[in-house]
Number of protein chains: 2
Amino acid sequence: MVSVNNADGASPQASLRQVRYELLTLGDELLLGLTANGHLTFIGAQLGRRGALLQRNVTLTDEADAIAEQFRESWRRSDVVITTGGLGPTCDDRTRDVIAEVLGQKLVFDATIRQAIEERFSRLGRKMTDNNLKQAYVFERGEVLANANGTAPGLWVEQDGRVLVMLPGPPNELQPMFTEQVVPRLAARGLLLEREAYVQLRTAGIGESALETKLQPIFDRVGPGLSVAFCAHQGAVDCRVSSPSGALSHAQLEAVAAECAQLLGDDFVCYGHDSLARVCAELLREQEKRLAVVETATGGLLAHAFTEVCGACKFFAGGVVCCSNDAKMQLLDVPEDILLQHGAVSDEAAVAMAAGASETLAADYALAVTGFAGAASAGANSGNPVGTMFVALYSPAGVWSKKLSYPGPRSTVKVRAVNAALDWLRRELRRAQRGDAVTSRRIGTMQ
Amino acid sequence: MVSVNNADGASPQASLRQVRYELLTLGDELLLGLTANGHLTFIGAQLGRRGALLQRNVTLTDEADAIAEQFRESWRRSDVVITTGGLGPTCDDRTRDVIAEVLGQKLVFDATIRQAIEERFSRLGRKMTDNNLKQAYVFERGEVLANANGTAPGLWVEQDGRVLVMLPGPPNELQPMFTEQVVPRLAARGLLLEREAYVQLRTAGIGESALETKLQPIFDRVGPGLSVAFCAHQGAVDCRVSSPSGALSHAQLEAVAAECAQLLGDDFVCYGHDSLARVCAELLREQEKRLAVVETATGGLLAHAFTEVCGACKFFAGGVVCCSNDAKMQLLDVPEDILLQHGAVSDEAAVAMAAGASETLAADYALAVTGFAGAASAGANSGNPVGTMFVALYSPAGVWSKKLSYPGPRSTVKVRAVNAALDWLRRELRRAQRGDAVTSRRIGTMQ
């Protein structure tokens with residue numbers, strides 16, 4: 001087994017790059033496109049945060065021969081193999097048996113698991129059928145990972161200098177099992193870092209190349225021990241600084257990140273992985289302010305971004321989703337003449353919607369989004385083609401609107417408009433927090 | 001190459017099961033969990049609809065040796081290999097070169113593609129950089145799949161009795177290229193069916209085993225030529241009838257499906273893949289009725305389900321997302337004493353919210369959802385634990401509410417509550433369309 005706790009002086013992270021991880025995701029429902037492969041996204045991200053790059057993910061059918069062949073191959077070339085799915089009680093779930101055979105291990109009945117399964121059924125007031133007992137069979141030389149949210153336990157095997165981790169398929173069972181039981185075990189064996197491998201700066205409102213150009217002088221000064229990676233996603237760009245050679249300590253990486261954050265000013269959102277909505281929520285809570293939103297083309301996505309944040313009721317006054325002029329007038333007292341004169345997709349309408357939402361819902365801040373998101377948008381024209389979005393921000397300091405334009409499909413236009421609205425609110429809340437003067441205050445387009 | 005246009009009398013679908021498809025999805029961003037693998041979901045579903053089961057999906061890094069090794073292996077054991085990503089202009093994008101080498105083909109410069117790329121840049125008013133010309137290199141023995149939405153064309157190669165399809169990574173480029181160019185080519189060569197392989201009945205409000213039990217007598221009577229598959233997803237169950245042996249014609253399958261639909265009554269939603277929201281939208285349009293929604297715990301998801309439907313403005317009067325009592329009173333005139341006396345999560349509150357939404361937004365129908373969706377729901381208690389949702393339906397015929405309870409994580413509870421609300425509206429619209437009498441009409445809990 002590759003170990004990073006070696007004595008040759010190499011850095012933990014450098015050695016970790018040599019640890020070969022493969023993920024086998026089992027299930028016809030993935031191959032038939034009935035379910036998205038969220039396990040890849042989750043496990044890949046978790047490993048990446050701790051310094052390991054997943055080498056390969058293979059999704060395959062529940063067919064025994066295919067599983068055996070693929071597992072044999074993955075086991076041969078990997079240090080750690082993780083499987084998901086195929087541990088359940090139905091006859092499709094044969095992964096355990098197939099893999100035990102490849103490893104030359106027997107499966108043995110575990111009475112403790114039987115008891116846990118029986119207790120779970122009795123707690124839920126349901127009758128346990130016999131096929132559930134299949135889940136009580138475990139590797140003769142292996143460990144059991146308890147499942148707090150379901151019947152099938154996870155399995156941990158160390159053999160041939162390698163690690164095998166078998167996880168149940170349901171995400172609400174797999175995810176806590178992975179972070180609470182698997183990550184610490186892998187870290188204890190030197191197969192993952194004990195802490196995050198990089199310091200991540202989340203930015204918004206600045207493009208990837210502009211960001212790189214701006215930060216390059218800092219990176220140049222720190223020198224070749226530093227590694228930098230950028231990742232752009234729909235209006236936000238993450239910058240990760242790390243030191244694969246181990247030349248820089250975590251404290252030194254944090255100092256580099258802090259210098260970058262300072263230079264970026266309001267383009268810097270946060271360290272780590274918080275969403276723009278969560279950062280806004282935190283600022284609203286600190287300032288004890290409340291927010292309202294109103295949206296047409298984004299159809300509920302903006303409201304949903306905020307309601308996904310834990311404890312949203314504390315700061316979220318409410319949201320309105322409307323497309324008709326009637327709804328805008330009825331719910332938000334948007335004056336009809338504004339809609340008739342300027343159209344519902346205009347700076348003026350966006351401003352009136354934001355102001356109306358703030359007023360009606362007694363909110364300190366309000367965001368409005370209106371526009372033409374997709375190919376079938378009635379009303380789009382050469383002046384305001386598809387992809388045109390107006391975003392308005394109402395705040396105690398004033399109300400503004402801006403016109404934005406995004407290429408791409410409807411879903412992209414919607415997400416980018418939501419992110420632009422969130423980012424604008426975040427900047428205004430930061431400004432208010434600092435007590436800086438407002439530099440522009442007017443109703444109308446602000447580019 | 002496996003062909004289904006054979007003369008031995010086997011049915012097309014039976015032979016298709018022998019066609020081995022593999023999908024290689026390239027990109028570190030997938031393995032790092034930065035992007036979900038939507039290509040698997042999309043391509044797997046498209047192949048499944050035309051009778052082919054994707055055998056395997058391998059996601060791997062952009063590293064040349066790994067790509068070469070994996071492609072060689074997949075090519076050896078497959079009839080069709082599809083790759084996604086790695087065709088772009090950056091130096092990471094080396095897939096084309098690696099695969100050309102494995103196939104022993106030269107890459108040749110295609111002046112037509114160069115021209116298309118140049119024209120695209122000039123149309124967007126941007127300057128073309130030289131690295132874009134890399135995308136103009138194609139296989140010497142192969143075909144080009146034009147890209148209407150981007151610069152990198154797709155590539156089609158037939159060699160060694162196999163087919164290779166290389167597709168660009170962005171979904172809005174890949175998806176139309178696949179449905180418009182790849183599917184017809186594969187079908188023409190007998191590697192996919194010319195039409196859908198099955199007839200799908202979408203149902204709601206009935207569990208998978210109850211559905212199976214109800215339909216079994218029909219299946220038994222039709223006999224062994226019929227194959228039936230069920231797929232459950234959060235409140236809806238799809239039933240697919242097919243005839244892999246070819247014993248039943250498509251018309252016969254349609255007749256079986258029609259008999260099932262008739263027996264299922266209002267549990268039958270539609271044939272095919274339409275969403276519950278789309279089915280509701282169609283019924284609303286036919287009856288020239290308008291809908292309003294109001295939601296707390298689902299936080300915008302219900303509104304978003306409707307606004308995703310094309311032309312939603314025609315039937316969607318508007319939506320309100322709120323958690324505070326104030327918002328309910330301000331926007332929807334929900335009487336304060338109802339909220340104080342019964343609580344905001346109650347039958348009475350749900351009914352008042354639905355009635356208020358219908359009134360305020362001048363809508364014929366209204367849906368309200370309120371409840372405790374997730375672990376952090378303040379106010380959840382033993383009478384109404386986390387997972388409790390109240391759904392109310394306002395219609396011209398009356399207003400009802402029902403209490404629902406879902407296990408599982410927050411995201412599941414939200415989706416199931418949205419689906420329950422949509423399904424209820426659908427049933428009421430069907431009833432109104434038929435002109436049937438209302439069998440229960442009261443304000444209060446209806447289980």
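Tutor: A salt bridge is here a side-chain nitrogen of Lys or Arg within 4 Å of a carboxyl oxygen of Asp or Glu. The model is predicted, so local features need pLDDT of at least 70 and side-chain atom pairs count only at pLDDT 80 or more, while totals for chains, interfaces and linings use all residues. Residues are numbered from 1 along each chain as its sequence is written, chains are lettered from A in the order in which they are written, and side-chain values use heavy atoms, with hydrogens and water left out.

Student: How many salt bridges are counted between chain A and chain B?

Tutor: One of the pairs with a partner on each chain is formed by the side chains of Lys414(A) and Glu308(B), at 2.4 Å from N to O. Over all chains the structure holds 44 salt bridges, and the count between chain A and chain B is 8.

Student: Which element of chain A gives the most residues to the side that touches chain B?

Tutor: Helices and strands are DSSP runs (H or I, at least four residues, for helices; E, at least two, for strands), numbered from the N terminus. Among the elements that give two or more residues to this side of chain A are helix 3 (38-49), helix 4 (64-77) and helix 15 (410-434). The most, 7 residues, comes from strand 2 of chain A.

Student: Which residue of chain B is the bridge partner of Asn57(A)?

Tutor: Two strands pair if DSSP finds at least two bridges between them, and 5 bridges join strand 2 of chain A to strand 2 (residues 54-60) of chain B, the two running antiparallel. Within strand 2 of chain B, the partner of Asn57(A) is Thr59(B).

Student: How are the two copies related?

Tutor: Copies are superposed by least squares on the C-alpha atoms of residues with pLDDT of at least 70 in both. Chain A is superposed on chain B, with an RMSD of 0.1 Å, by a rotation of 180 degrees with 0.0 Å of shift along its axis. The two copies are therefore related as by a two-fold rotation axis.

Student: How much area is buried between chain A and chain B?

Tutor: With contact taken as heavy atoms within 4.5 Å, 62 residues of chain A are in contact with 61 residues of chain B. Buried area is the accessible area (1.4 Å probe) that two parts lose on being put together, summed over both. Carbon and sulfur atoms give 59% of the area buried between chain A and chain B, which is about 4700 Å².
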